[in-house]
Structures are given as structure tokens and as C-alpha cells.
Amino acid sequence: MNDLLQLKGQFQYGKANAPGAPELPKGKTVTSEHLRGLASNLSSIKMYWEKGAFGFDPIVTVAYCNIVAKSNRIRRILGGPGGKAGDYIVGARFEGEGKDIHHEIVHCLPMDIIVESIELLENCATLVDKRYGGTIGSDDLKQVNASGIKGAAGLTKSSFAQTIRDASYVSRFYVSTAHETIEGSAIVSVYDTGYKDVRSFLAGLGVGLDLAPDRVLENAIRLEPDEYARLVAKYPFLVSMALSDISVLTPEDFGIESEGSARIPEPGNEPIIGVLDTPFDNRVYFADWVDDHDLTPAEINLDASQKKHGTAVTSLIVDGPSIVPELDDGCGRFKVRHFGVATGERSSSFAFMRQVRTIVEQNRDIKVWNISQGSIREIARNFVSPEAAILDELQSRFGDIIFVVAGTNKTSVGQEKIGAPADSINSLVVNATSFSGSTADYSRRGPVLDFFKKPDVCAIGGDSTKGMPVCTATGKYLMSGTSFAAPWIARKMAYLMQVMGLSREVAKALIIDSAAGWDYSGDAWRGYGQVPVRIEDIVGSKSDEIKFTLAGTSEGYETYNYGIPVPISKEKHPYIARATICYFPQCDRRQGVDYTSTEMDLHFGRIDNNGKLKSLDNNRQGDEGVTTTEAAARKNYRKWDNVKHIGEELKENGREKKAYSTGMWGIKIRTTERGYGPDKKGQGLRFGAVITLKEINGVNRIDDFVQRCSLRGWIVNRIDVKTSVDIYNAAEVEIDFE
């Protein structure tokens, strides 16, 4: 087996090309009738808002014809003369099904811009009638860009061209008054109307919403049933998302296997994993390894049965290899700091959010957190759950932590989609398989927001045929569920990060890459695949493979290095390859389906004779003269997903690749921002990449690769499990100075 290689070198940075003049897609037309229809939509909104006298800027929904890229969203309409419509976006959702699915983007903007847009659309419609017979096409607009539109009152060339392009993507404007029906208390988010303090804003609406500070967390508020009813009765368009505050947790079945005692040595310098679950029962044999914090209300008397779940989860993290020898992962034992935050079958989502934030902020020494609790309720189509949003926010704010989250279990026929907080985009979400490797029958699936791949991976969690052995204070049990798959991945993440010293980005990429392997095909229930049991199979590679990691930060539109010297044999590259990158973007729940702030587009492959990178997946997004629809970019290149995996299929008779004159391979990451304006949330955002090369003739060329890399100025570190353990143990030795 070959060691994992860590390559450290210099990345180069490049700027994006300036956008050209606004044009219509070839063959596309816009009619004066459509322009006047859009103007009429805005006139109706103006009248509605003036009649309602709501006291804040209008909230307008823009319904697009399909899923649109940021570059194809309106700029001039609803943007004023400066063309800054994007600055007023406050939310986004998907509507429709199948081929009819489309974006609906919500704007909150001053009334004077709406008035100006109405006049603009009317003037454009008049010009289209006068000069183009009521219909303007792509060639006509090109001529406008080339020659101008002299004599058109109140219109400039750029304003007219951009308005025509804007209108070609929009079907209508309207005010959405639909709202969710909620039973019991609700967690509600309202659109950002420019308020500085949401409590003061709600109190001024005149519907009796004078909220205490503990009922507000970021942009989420907790409302009682009558308060929610009053809000949506008068201001239904203000609510961006709402759901019940009470989350029914997925249950687990316990079946006793045997009783008896076990032994465990005293804890030493082992890494600590944080666990957020039901309270811990300290009567177990491994209690000395657990720092227990019961945060349940003092007035609730918990019996042993209500502590079983959390104790069972922690047993696998502390002493999993001893409890389940056939799943010995080679990671040893871990200490646990256990926080009891859930009781029984029902919990408050709002209380969970507040507790998790406080716990993580006060325990910054913990880098890996395990959450094996989840909701029965399926995730919503158009927004991430508030519980998941808190996890994503914490992982973005603190650049060295990760949550490993169970994928939640199916509890009824027809229940398919995962439940909160397994819709957390930045977290590593784990589904379960049986011991034989088949998908567990209780598995639930993604995607999240109709797009993001969740779960990320799967691991053994047991089933009715063979359960997962766990330990509690009342005996050894056989259990099954995603709750007992997640701890095995939490152990591996803690080992990679805290023992081997890898960044969370690289560690997550290693986990996902090991699950995908050479036969990845994609699965809504299994994510990128099943993670190998042994840590060596995640870190190392076969003797005919070269696996190496790269890490860097995005400092420009393009971050690249075209100097990876892959060995050549007889003027050929005898390899197939795969690559995985992970990053942790900022997320904004208020933006709905436009949840992640930053896109990193992965390109990896050979450098041709013209110095251009030929990506493995033929990805040419961003290349000059190349256009890709938003739907195709999401489907083929996972645009906006924070995990990218590309790879070639392992075939019995693989073909060697041409070696160009450069002899080099390269990696390029193109970074784009979701938002508009000067705030660059992707600036300095870290990424971790794992690249694997497989020699199709079975030859071990790792030494040749290391030598070539060193000659090219790369610093190459060999990483193996044993050496990493020795270094970790030496670093953790306490020295007494006399």
C-alpha cells in the first residue's frame, strides 16, 4: 500500500473576464406585448402596496421562465439606472415540477424604482413596436449594441438592451400571499426589509408582536399560534419561511443481547469528540472517558430509558472497536464531552438551536461533533431547516470544526426525505447500510433544496437481520439506525483532523473520495457511497495508485497550478484519475434555495500544448465563448454544491492518455459569488482537494512522482498512519520543568 502524499506549493490567481454587452440567446425573441404585461404586473403591485400602506418597501416576487444563473437574473428592471436589481434580493425558491421547475426570486425595493421600471418597460415596448414590428430578436439586439438607438426618447443603448435581456428570462411579477399552515408554535423568518432590529420591526407592525429577546435567534423568531395567525392575516408576503417548532424525533428500537461487564484502561491523551444527544448514563464501564453535561431542564426527571440513546452513541465513539471487533477501524479510543440536549420523543427546534450555539461557542477545543438526533418531519423544498442553518453558520464562522450528522430514519410508509438537521450543507451527513453492505431499509434520502446531495456518505448502522452492538448502563444491546452509523464516521474525522493533523476540508474530502472510489454512480440514499471500515483504506492507496492532497484558499476568480508532473511512460500518461474538493461556504437561510454564498468550480486534468487545462469531465464553464445553462451546470458539474467529485471509470482495458509537450497536469478552481456588490464572502475561503491517479498497467510510480514534484518545487510529505500516531503521542506528552 502506498502512503498518502501531501503536496504544498504556490497557487496562482487570475481575474474574470469583463462581461460583454447584454444579448439575447440565439433565436430568442421578446415582444412588446410581453414588456407591457410586465409593466402591468408592476402597476398592480404599486396599487396594492399604496392601498395597504404597509409602512415598508414593497416585496416583489420575480417569476422566471426556468432555473436561471446569476448572470441571467434581472439587472435593469427593478434595478434603477445603475442596474443593481441584485442588491434588493431577499429570498429565492423553486416552483413547478419536472421540466416546468423554475426560480422565483424575491426582492424588497423602494417604490420609486418600481415606478421607474414601469416607465422603462413602457418606453421599451413602444420602441419595439415602432422599429421592430412588435418583436425584437437576438440579431436585432446585436445591431443595437453595435450601432445604438439614436432618437429613442428616455432610453440609452445599454438601458434598452439590458431591459430586453431581463424581460426574456422573466414570466411575471407578483406579490406572494401564500403561507404555511402551522399547528402549534412556529419558527418564522421574515424577509429583510432593511430593519436593523427584527424585534422592533415586528413590534411596529401593529399586530401585537412584542417579543422577548429569548424568542429571537438571528433572523428566526418563535411565535405562538395566535401570533403567527395575526402576522399572516395582515402580512402574508412578509413571511419567507415557517415551520412547527416541535420536532418529533426518530425513535430507535432496542433489543437486549447480553449482560456482563467490560474493561477499559484509564483515558490518556486521546482526542475529544463532542456529542449532542439525550443525556448520558454514567453507570457504564467507560464513564471515566466521558465528560458529562446534562443540560435538560432540572424539573424533568429522566429515567434510564431516556438516557439509552445518547449513552449507546457515545459507547461506539469511546470504545467501538472493542464492542464491535469486526468494525475495528484502527482509530483507537476517543474521549467524549457529552451534552444532554434532548429528552423523550419531542423537542423544541428553537431550544436546540440556542443550546447548540452556546455549547459550541464555549467548547472551542472540540473539533468534531456528533449529532445522532433527527426529526421525523421531512425537510422543506425551498428552505433549509433552522437547526441545519445553525450548524452551517457555526461551521462557516469557526474554520476548524465539523458536525457529523445522522441521516435520520424512516418511521412510516411513504416517508422518503431526510429530516432536520440532516439538511445541513456544510455538515458530513451519514446514512446507514446493513452489515452486508446493502442500503438499510429505514434510510431516507435527499436532495436538499431540490439539489444538494445529502446524505454525503453511508456506513454500517445495522438492520433487523443483524443489529449494531452498543453498550448502555443496563446492558449490551443490538440496535439499528443512522444514529449508529454516524459515530463511526465521527471517529474517522477526529482521527484525520486531530491525530493526523489534516484540515477539515482535506479530511472531509478524503472521507467522500474513499466512499466514491472508482465505481461512483450516485445514489439518493447512499450519497457518494460506503466509507471503508479501516482508516488505512481512507488514507492510503493501492500500490498502483498515487493519492495526494492539495489545500489552498480562493484569492481570485481563478486559483490554479498547472505544474503537477504526472509520470510519463512511452510518451503517454498511463493513468485514470479522480478528484474531490470540499469547502465550507457561508450560508444564508433567508435566501431560500440560493442558500450557499460561494461556488468553487473544479477543473482537473492535463495541460495541452496551448497551456489550456483539459478537465477530466470536459468542464468548460467560464471558458471564453462557452455558454452553459444553469440547469446543465447544476446537473453535470454540481454548480453551487460545496462538494465536487469528478472521476473516470475503471475499465478492464483502460486507454493511456496522450502526453502533451508540457508533460504537466493541473488543477483550477473558479470562484464566483452568489451575491452582488463589494462583499466577497468567498475571498480567502479554504478548500481541500484529494486527487488519485491509478496506473492502468499496475506499475507503482509513486517514487517517480515524488521526485518529479520535488524538482518542480513542490514540498512533498508522506503521511502514514503509524508515523502520525507517533507524532501525535509525542506532541501530547506533558513535560514537567523542575
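Predicted model: local features only at pLDDT ≥ 70, side-chain atom pairs only at ≥ 80, totals over all residues.
How many residues does helix H10 have, and how far does helix H10 reach from its first C-alpha to its last?

**View 1. Helix H10 is a mostly covered helix.** Helix H10 runs over residues 486–499 and has 14 residues. From first C-alpha to last, H10 reaches 19 Å. That is close to the 20 Å expected at 1.5 Å a residue. Of the 14 residues in H10, 14 are buried. Gly 501 follows the helix. The phi of Gly 501 is positive, near 75°.

**View 2. Helices H2 and H4 cross at roughly 95°.** H2 covers residues 111–132, and H4 covers residues 157–169. Their axes come within 10 Å. The crossing angle is roughly 95°, which makes H2 roughly perpendicular to H4. On the H2 side, the contact is formed by Leu 120, Leu 121, Cys 124, Leu 127, Val 128 and Tyr 132. On the H4 side, they meet Ser 159, Phe 160, Thr 163 and Ile 164. By class, the contact of H2 with H4 holds eight nonpolar residues, two polar residues and no charged ones.

**View 3. Four strands form an open sheet in the order E10-E11-E9-E12.** The pairing in this sheet is antiparallel. Strand E10 (216–217) and strand E12 (239–244) are the edge strands. Each of these two pairs on one side only. E10 pairs with strand E11 (residues 220–223) over two bridges, in the antiparallel sense. Within this pair, Val 216 stands opposite Ile 221 in E11. Helix H6 (residues 225–234) packs on the sheet. H6 touches strand E9 (186–190), E11 and E12. The direction of H6 makes about 115° with that of E11.

**View 4. Ile 366 sits in a loop and is buried.** The loop lies between helix H8 (349–362) and strand E19 (368–371). The relative accessible area of Ile 366 is 0%. Which residues does Ile 366 touch, not counting residues up to four places away in sequence? They are Ile 272, Ile 273, Gly 274, Arg 337 and Ile 401. Val 275 is 91 residues from Ile 366 along the chain. The C-alpha atoms of Ile 366 and Val 275 are separated by 9.9 Å.

**View 5. Helix H9 is largely enclosed by the rest of the structure.** H9 spans residues 386–397 and has 12 residues. Its reach from first C-alpha to last is 16 Å. This is close to the 16 Å expected at 1.5 Å a residue. Nine of the 12 residues are buried, so H9 is largely enclosed. The buried residues include Pro 386, Glu 387, Ala 388, Ala 389 and Ile 390. Leu 391, Asp 392, Leu 394 and Gln 395 are buried too.

**View 6. The loop between strands E21 and E22 holds Pro 447 and Pro 455.** Strand E21 covers 428–433, and strand E22 covers 457–460. The peptide bond from Gly 446 to Pro 447 is cis, with omega near 0°. A cis peptide bond also joins Lys 454 and Pro 455. There, omega is about 0°. As background, most peptide bonds are trans.

**View 7. Gln 591 is a buried loop residue.** Its loop runs between strand E28 (575–583) and strand E29 (598–607). Is Gln 591 buried or exposed? Gln 591 counts as buried because its relative accessible area is 16%, and buried means under 20%. Leaving aside neighbours within four places in sequence, Gln 591 is in contact with Ile 89, Val 90, Gly 91 and Ala 92.

**View 8. Glu 571 and Asn 618 each have a positive phi.** Most residues other than glycine have a negative phi. Phi of Glu 571 is near 60°. Glu 571 lies in the loop between strand E26 (558–564) and strand E27 (572–573). Glu 571 is exposed, with a relative accessible area of 66%. For Asn 618, phi is also near 60°. Asn 618 is placed in the loop between strand E30 (613–615) and helix H13 (630–637). Asn 618 is exposed as well, with a relative accessible area of 56%.

Terms used:
Residues numbered from 1 in each chain as written. Heavy atoms only, no water. Expected span 1.5 Å × (residues − 1). Buried < 20%, exposed > 50% of the residue type's maximum accessible area, 1.4 Å probe, protein only. Axes fitted to C-alpha atoms, helices over the stretch in contact; angles between N-to-C directions. Parallel < 35°, antiparallel > 145°, perpendicular 65-115°, else oblique. Contact = heavy atoms within 4.5 Å. Nonpolar A, V, L, I, M, F, W, Y, C, P; charged D, E, K, R; others polar. Pairing = 2+ DSSP bridges.
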